[in-house]
Structures are given as C-alpha cells and as structure tokens.
Amino acid sequence: MSSEMLQAAKVYRQLLKAVKKHIGKEDYKTHFSEYVTQEFRKNCKLSDPSHVQQKIKLAHDYTFLLNSVHHHKARLSVNDLLFSYNIAVDRSEEMKRTLGKSAASVGLQLPDVYQS
C-alpha cells in the first residue's frame, strides 16, 4: 500500500469519526457519512499525485472544521455558564453597558459614578 493510500485512509477514518461525533449517527443524518464515503470511492482511482494531495488536504480541512466548530461551541457555552453564575468574571463593564442602555432608553444619563 502506497503512502498516499495510507494517508487517504487515515484522513478518511478521521473525517468519518468527526462526522459521526459532531453531526450524528441517527438514520436521518446518514447522508453525511454516505457522501463522504461516496467521494472517497469516486476519487480512489486518481493518478495525479498533486490532485490526490489536494483531495486529501480538502478532507483534512473539513475534519478540522467540524472539530473546531464543535470545540468553539462547547467553549462558548462554558463562558456563558461562567457569566451566568458570575464565577471569576468581572462583569462591571457589562453592567455599565446595560445600565447605560437602560438609562438612554428613557432619556437619562448614568450618574457620574458609572461614567468612564
């Protein structure tokens, strides 16, 4: 087995794993993994090494995107949770903005204590 084939197989497994983990394995979502399988099978007969590398890079980039979006969403929810419980987060700037918007909506200004 050539190094390109081994590399393609590795990227293929990683992409399928990311699809199943982040998109889901439910029956109504199988078209995602079926599409990945179809694309890899369709391109398995490519002979131009640069075209093969381009396809492998594309699959790797999709895998990276799926994993990054999932990681970013999880990180946002942790930050939102910290804000909601006010744990180790300075919320004074956020409160100033909220109070400023509330005061401005009724035509008032914040007291000098809150002015920056």
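1. The accessible surface of the protein chain comes to about 9,500 Å², and carbon and sulfur atoms hold 58% of that area. Accessible areas are calculated by the Shrake-Rupley method with a 1.4 Å probe, and for residues only the protein chains shown count as cover. Please keep in mind that this is a predicted model, in which local features need pLDDT of at least 70 and side-chain atom pairs count only at pLDDT 80 or more, while totals for chains, interfaces and linings use all residues. Residues are numbered from 1 along each chain as its sequence is written, and side-chain values use heavy atoms, with hydrogens and water left out.

2. On to the overall layout. The protein chain has four helices and zero strands, giving the pattern α-α-α-α along the sequence. Helices (H or I, at least four residues) and strands (E, at least two) are DSSP runs, numbered from the N terminus. Of the 116 residues, 16% count as buried; buried means under 20% relative accessible area, exposed means over 50%, and partly exposed lies in between (1.4 Å probe, protein chains only). Among contacts with a separation of 6 or more, 55% are between residues 24 or more positions apart, where contact means heavy atoms within 4.5 Å.

3. Which residues of α2 are buried? They are Ser-33, Val-36, Thr-37 and Glu-39. These residues cover an arc of only 160° around the axis, so they lie on the same side of α2; the arc is that of the directions from the helix axis to the C-beta atoms. The cover over the buried residues of α2 includes α1 (3–22). On the other side of α2, Arg-41 and Lys-42 are exposed.

4. Leaving aside residues up to four places away in sequence, Ser-33 touches Leu-16 and Val-19.

5. Now for the charged pairs. The whole structure contains three salt bridges, each being a side-chain nitrogen of Lys or Arg within 4 Å of a carboxyl oxygen of Asp or Glu. One of them links Lys-42 and Glu-39, with the closest N and O atoms 3.0 Å apart. These two are three residues apart in α2, so about one helical turn separates them. Lys-42 is exposed at 54% relative accessible area, whereas Glu-39 counts as buried at 19%.

6. Lys-57 and Asp-61 form another salt bridge, at 2.9 Å from N to O. Because they are four residues apart in helix α3, about one helical turn lies between them. Lys-57 is exposed at 52%, while Asp-61 is partly exposed at 35%. Lys-29 and Glu-26 also meet in a salt bridge, at 3.6 Å from N to O, and Glu-26 is partly exposed at 38%.

7. Finally, a surface feature. Leu-58, Tyr-62, Leu-65 and Val-69 form a nonpolar patch with about 370 Å² of accessible area together. Patches are made of residues with over 30% relative accessible area and no salt bridge, joining like charges within 9 Å and nonpolar side chains (Val, Leu, Ile, Met, Phe, Trp, Tyr) within 5 Å. Tyr-62 lies in helix α3 (residues 49–85) and is partly exposed, with a relative accessible area of 47%.
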